[in-house]
Amino acid sequence: QVQVVASGGGSVQAGGSLRLSCLLSGRGLRLTAADWYRQVKGKERELVAATASDGDLNYADSVQGRFTVSTDSAKNTAFLQMNSLKPEDTAAYYCKLSTLSVSDRRKYEYWGQGTQVTVSS
């Protein structure tokens, strides 16, 4: 059974930092890339940060220079380090993990359950 468990959300004052994590558990799967999205209630989900299997990192303009995405393949975990947080960063954050099955070499994607980030002014 495959599970993606997100953690690290919470409440913080503007200017503060949080580190989100998404842990992939599932036999025979290797984490290859991770995307982070956020969604404010009533609005569409937006992509804020993404890693690619070739190592490329991409960020939304609104978080460039403040957020850093990374992955630890050995631990099958993706991270989103968020610094200099602003009230407009308040949202539910979701990870989407790209994986490779060791047995059949097929690619699979899994979503985490979302973790709430609230930034107060």
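Trainee: OK, which strand is the place of K96 in?

Mentor: Bearing in mind that this is a predicted model, K96 has its place in strand β9, which covers residues 91–101.

Trainee: And is K96 buried or exposed?

Mentor: K96 counts as buried, because its relative accessibility is 13% and the cut-off for buried is under 20%.

Trainee: What is K96 in contact with, leaving aside its neighbours within four places in sequence?

Mentor: With those neighbours set aside, K96 is in contact with A33, A34, D35 and Y37, and also with E109, Y110 and W111.

Trainee: Which strands do Y37 and W111 lie in?

Mentor: Y37 lies in strand β4 and W111 in strand β10, so the pair ties together parts that are 74 residues apart in sequence. Y37 counts as buried at 15% relative accessibility, whereas W111, at 40%, counts as partly exposed.

Trainee: Then what about the rings of Y108 and Y110, are they stacked or tilted?

Mentor: That pair is stacked, because the planes of Y108 and Y110 are at 25° and the cut-off for stacked is under 30 degrees; the ring centres are 6.5 Å apart. Y108 is partly exposed with a relative accessible area of 28%, and Y110 is also partly exposed, with 22%.

Trainee: Changing topic, which residues line the largest pocket?

Mentor: Y108 is one of them, and the others in the lining are T32, A33, S53, S98, T99, L100, K107 and E109. By type, the lining divides into three nonpolar, four polar and two charged residues, and β4, β9 and β10 each supply at least two of its residues. About 150 Å³ of space lies in this pocket.

Trainee: Last one: in the largest nonpolar core, which residues touch the most other members?

Mentor: Those are C22, W36, L80, M82, Y93 and L97, out of 28 residues in that core. Among the strands that each supply at least two residues of the core are β3, β4, β8 and β9. Leaving aside its neighbours within four places in sequence, C22 is in contact with several residues, including W36, C95 and L97.

Definitions and conventions
Residues are numbered from 1 along each chain as its sequence is written. This is a predicted model: local features need pLDDT of at least 70, side-chain atom pairs count only at pLDDT 80 or more; totals for chains, interfaces and linings use all residues. Side-chain values use heavy atoms; hydrogens and water are left out. Helices (H or I, at least four residues) and strands (E, at least two) are DSSP runs, numbered from the N terminus. Buried means under 20% relative accessible area, exposed over 50%, partly exposed in between (1.4 Å probe, protein chains only). Contact means heavy atoms within 4.5 Å. On a 1 Å grid over the protein atoms alone, a cavity is a set of points where a 1.4 Å probe fits but cannot get out, and a pocket is an open set with protein on both sides within 12 Å along at least five of seven lines; lining residues have an atom within 4 Å of a point. Grid points are joined across faces, edges and corners, and a volume is the space filled by probe spheres set on the points. Ala, Val, Leu, Ile, Met, Phe, Trp, Tyr, Cys and Pro count as nonpolar, Asp, Glu, Lys and Arg as charged, and the others, Gly among them, as polar. A nonpolar core is a set of buried Ala, Val, Leu, Ile, Met, Phe, Trp, Tyr and Cys residues joined through side-chain atoms within 4.5 Å. Rings of Phe, Tyr and Trp (its six-membered ring) pair if their centres lie within 6.5 Å; planes under 30 degrees apart count as stacked, over 60 as edge-to-face and the rest as tilted.
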